[in-house]
Amino acid sequence: RAGPPALTAPPLQVGGTERPQGSLTTHVLNTATGLPAARLALRLAQLQEPGAQWRELAQRWTDEDGRCLPLLPPGQAKAGTYKLHFETAAYWESLGYSSFYPFVEVVFTITDPTQKLHVPLLISPYSYTTYRGS
């Protein structure tokens, strides 16, 4: 007697909107509402050695989907230490809330500049979480 037919995964569907592919991207999610954090200012900087000075590389605002254009386009990344600075207090104030964290800084190291990196940020007025995304 034969068993049930084997399950096969459906073909992968690509979403309707194309996003530019960059070597470093981010997005921000408001976990208090479960919605994207739109109109949040952020900056990217790279640590310069010697002297441990930060050099700003990009400034962005998140769009209605909580995303922005790539912070480092393909071919622009270099191995090193980087910092994403998110202006969370101004974002929360624009929604009528106060925030325990006036800003969030995520410091990370790029070891392989050929890899695409995605650094999401999940925020609420009293907490934040980040991780290395795909």
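**Salt bridges, a sheet and a pocket**

Arg 43, Glu 56 and Glu 87 are linked in a network of salt bridges. Before going on, please keep in mind that this is a predicted model.

Within it, Arg 43 forms a salt bridge with Glu 56, and the closest N and O atoms are 3.2 Å apart. Arg 43 lies in strand β4 and Glu 56 in strand β5, so this pair ties together parts that are 13 residues apart in sequence. Are these two residues buried, partly exposed or exposed? Arg 43 is partly exposed, at 30% relative accessibility, and Glu 56 is also partly exposed, at 39%.

How many salt bridges does a search of the whole structure find? The count is 5. One of them joins Glu 64 to Arg 39, with the closest N and O atoms 2.6 Å apart. Glu 64 sits in the loop between β5 (53-61) and β6 (80-86), while Arg 39 sits in the loop between β3 and β4 (41-48), so the pair ties together parts that are 25 residues apart in sequence. Exposed means over 50% relative accessible area. Glu 64 has 57%, so it counts as exposed, and Arg 39, at 53%, counts as exposed too.

Another salt bridge is formed by the side chains of Arg 67 and Asp 65, at 3.1 Å from N to O. Here Arg 67 is partly exposed, with a relative accessible area of 22%, and Asp 65 is partly exposed at 33%.

Next, the sheet. Strands of a sheet pair through backbone hydrogen bonds, either parallel or antiparallel. In this model, 4 strands form an open sheet in the order β3-β2-β9-β10, and the pairing is mixed. Which strands are at the edges? They are β3 (35-36) and β10 (127-130), each of which pairs on one side only. Further in, strand β2 (residues 28-30) and strand β9 (residues 121-124) run parallel and are joined by 3 bridges. On your screen, look for Leu 29, which stands opposite Leu 122 in β9.

Last, a pocket. The second largest pocket has a volume of about 180 Å³. Which strand gives the largest share of its lining? That is strand β7 (residues 104-110), with 4 residues. Among the lining residues are Val 106, Phe 108, Asp 112, Gln 115, Tyr 131 and Arg 132. By class, the lining has 6 nonpolar, 4 polar and 2 charged residues.

That is the end of my part.

Note on methods: Residues are numbered from 1 along each chain as its sequence is written. This is a predicted model: local features need pLDDT of at least 70, side-chain atom pairs count only at pLDDT 80 or more; totals for chains, interfaces and linings use all residues. Side-chain values use heavy atoms; hydrogens and water are left out. On a 1 Å grid over the protein atoms alone, a cavity is a set of points where a 1.4 Å probe fits but cannot get out, and a pocket is an open set with protein on both sides within 12 Å along at least five of seven lines; lining residues have an atom within 4 Å of a point. Grid points are joined across faces, edges and corners, and a volume is the space filled by probe spheres set on the points. Helices (H or I, at least four residues) and strands (E, at least two) are DSSP runs, numbered from the N terminus. Ala, Val, Leu, Ile, Met, Phe, Trp, Tyr, Cys and Pro count as nonpolar, Asp, Glu, Lys and Arg as charged, and the others, Gly among them, as polar. Two strands pair if DSSP finds at least two bridges between them. A salt bridge is a side-chain nitrogen of Lys or Arg within 4 Å of a carboxyl oxygen of Asp or Glu. Buried means under 20% relative accessible area, exposed over 50%, partly exposed in between (1.4 Å probe, protein chains only).
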